[in-house]
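Colleague: Could you take me through how to read a model like this, starting from the overall fold and ending with single residues?

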Amino acid sequence: MHPGWSGNPDAIRCVAPLDGGKCREAGFVMLDPFREIKTRVTPAEAARHYGYEPSRSGFVSCPFHSGDRTPSLKLYSDGWTCFGCGAGGSVIDFVGKLFDLAPLDAVRKLNADFSLGLPLDQPPTRAEREAAQKRREEAVVYGDFQRWREDMTRLLSETYRLGWLALRDMPESLWLPGEVEAIRLLPALEHWLDSLGGDFENQMQVFRKRKGVRKICRRILKSIPERFKEV
Ligand SMILES: [Zn+2]
């Protein structure tokens with residue numbers, strides 16, 4: 001681990017070796033100053049620093065609307081919301097609004113006031129630019145994956161629901177042999193639904209066999225008599 005490594009390991013990732021001569025700040029490069037600030041300063045710390053002492057339940061009097069005698073601005077670990085005037089956002093938004101600063105200037109102020117020493121005003125190195133680009137690409141891939149997961153979850157739960165209804169209401173003697181075979185696959189659907197709701201590795205297990213999973217759903221849906229598919 002690099003000596004300068006700190007904060008959220010997701011936010012700071014070394015993309016150049018210590019001895020490669022490209023790292024600044026003792027071996028790490030900053031990928032996103034906004035994200036970095038948010039991992040280093042909580043809204044409560046900022047509020048306190050600028051004179052707003054949070055109550056035990058994390059409320060302060062809102063500086064953004066007048067007459068807030070019962071404090072209605074709630075500070076969370078990663079943001080804040082005022083239940084009185086509806087203002088809210090990140091720690092950067094809080095400081096920006098408090099001092100009437102553009103977001104990047106609020107980042108600069110937090111950097112200075114909390115002595116974070118982030119190298120904000122140096123032009124990004126090539127490694128930083130490439131890392132930022134890679135993160136943007138990863139975000140797109142992640143979004144696509146989440147959409148796939150939602151679609152698949154819908155398909156699986158709908159197929160499972162219909163199969164379950166049919167199984168409940170139709171004696172097995174009425175099912176054709178091929179249909180019985182299909183409907184016996186229902187527990188697998190339940191298993192895949194569990195996996196999709198589980199951690200990333202479980203989700204990936206379903207993703208890898210997604211074609212087969214869709215095929216089985218189609219097969220089950222085909223075997224279910226039409227009257228069960230009417231809502
Ligand atoms: Zn307010």
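Predicted model: local features only at pLDDT ≥ 70, side-chain atom pairs only at ≥ 80, totals over all residues.

Colleague: How many helices and strands does the chain have, and in which order do the elements run?

Modeller: The chain has 9 helices and 4 strands, and from the N terminus on the order is α-α-β-β-β-β-α-α-α-α-α-α-α. Of its 231 residues, 21% count as buried.

Colleague: Let us turn to helix packing. At what angle do the axes of helix 1 and helix 4 cross?

Modeller: The axes of helix 1 (residues 33–40) and helix 4 (residues 103–113) come within 10 Å and cross at roughly 45 degrees. An angle between 35 and 65 degrees is neither roughly parallel nor roughly perpendicular, and helix 1 and helix 4 are therefore oblique to each other. The crossing of helix 1 with helix 4 is left-handed. On the side of helix 1 the contact is made by P33, F34 and I37, and on the side of helix 4 by V107, L110 and N111. Sorted by class, this contact of helix 1 with helix 4 has 5 nonpolar residues, 1 polar residue and no charged residues.

Colleague: Which residues of helix 1 are buried, and against what do they pack?

Modeller: A general point about helices comes before the case. An α-helix has 3.6 residues a turn, so residues three or four places apart point the same way. In helix 1 the buried residues are P33, E36, I37 and K38, and the buried residues of this helix pack against helix 3 and helix 4.

Colleague: Which residues make the contact between helix 7 and helix 8?

Modeller: The axes of helix 7 (residues 186–196) and helix 8 (residues 200–208) come within 7 Å and cross at roughly 135 degrees, and these two helices are therefore oblique to each other. The contact is made by W192, S195 and L196 of helix 7, together with N202, Q203, Q205 and V206 of helix 8. By class, the contact of helix 7 with helix 8 has 3 nonpolar, 4 polar and no charged residues.

Colleague: Next, the nonpolar cores. How many residues does the largest one have, and which have the most contacts inside it?

Modeller: The largest nonpolar core has 19 residues, and those with the most contacts inside it are A46, V91, V95 and L110. At least two residues of this core come from each of helix 2 (43–49), strand 1 (59–60), strand 2 (73–75), strand 3 (80–82), helix 3 (91–99) and helix 4. Helix 3 gives the largest share of this core, 4 residues. As for A46, if residues up to four places away in sequence are not counted, A46 touches V41, V91, F94, V95 and L110.

Colleague: Where does P63 lie, and with which residues is P63 in contact?

Modeller: P63 is in the loop between strand 1 and strand 2, and because P63 has 17 C-beta neighbours inside 10 Å, this residue counts as partly exposed. Once its neighbours within four places in sequence are left aside, P63 is in contact with Y52 and L98. P63 and L98 are 35 residues apart in sequence and 7.3 Å apart in space, C-alpha to C-alpha.

Colleague: Is L167 buried, partly exposed or exposed?

Modeller: L167 is found in helix 5 and is partly exposed, with 17 other C-beta atoms within 10 Å. The C-alpha atoms of L167 and I224 are 8.9 Å apart in space, while the two residues are 57 apart in sequence.

Colleague: Lastly, the backbone angles. Where is D100 found, and where is the place of S115?

Modeller: Most residues other than glycine have a negative phi. D100 has a positive phi, near 55 degrees, and is found in the loop between helix 3 and helix 4. D100 is exposed, with 8 other C-beta atoms within 10 Å. S115, which is not a glycine, also has a positive phi, of about 45 degrees, and lies in the loop between helix 4 and helix 5 (126–169). S115 is exposed, with 6 other C-beta atoms within 10 Å.

Definitions and conventions. Residues numbered from 1 in each chain as written. Axes fitted to C-alpha atoms, helices over the stretch in contact; angles between N-to-C directions. Parallel < 35°, antiparallel > 145°, perpendicular 65-115°, else oblique. Left-handed = near helix turned anticlockwise from the far one by under 90°. Contact = placed C-beta atoms within 7 Å. Nonpolar A, V, L, I, M, F, W, Y, C, P; charged D, E, K, R; others polar. Core = buried A, V, L, I, M, F, W, Y, C linked by C-beta atoms within 7 Å. Buried ≥ 20, exposed ≤ 12 C-beta atoms within 10 Å, placed from the backbone.
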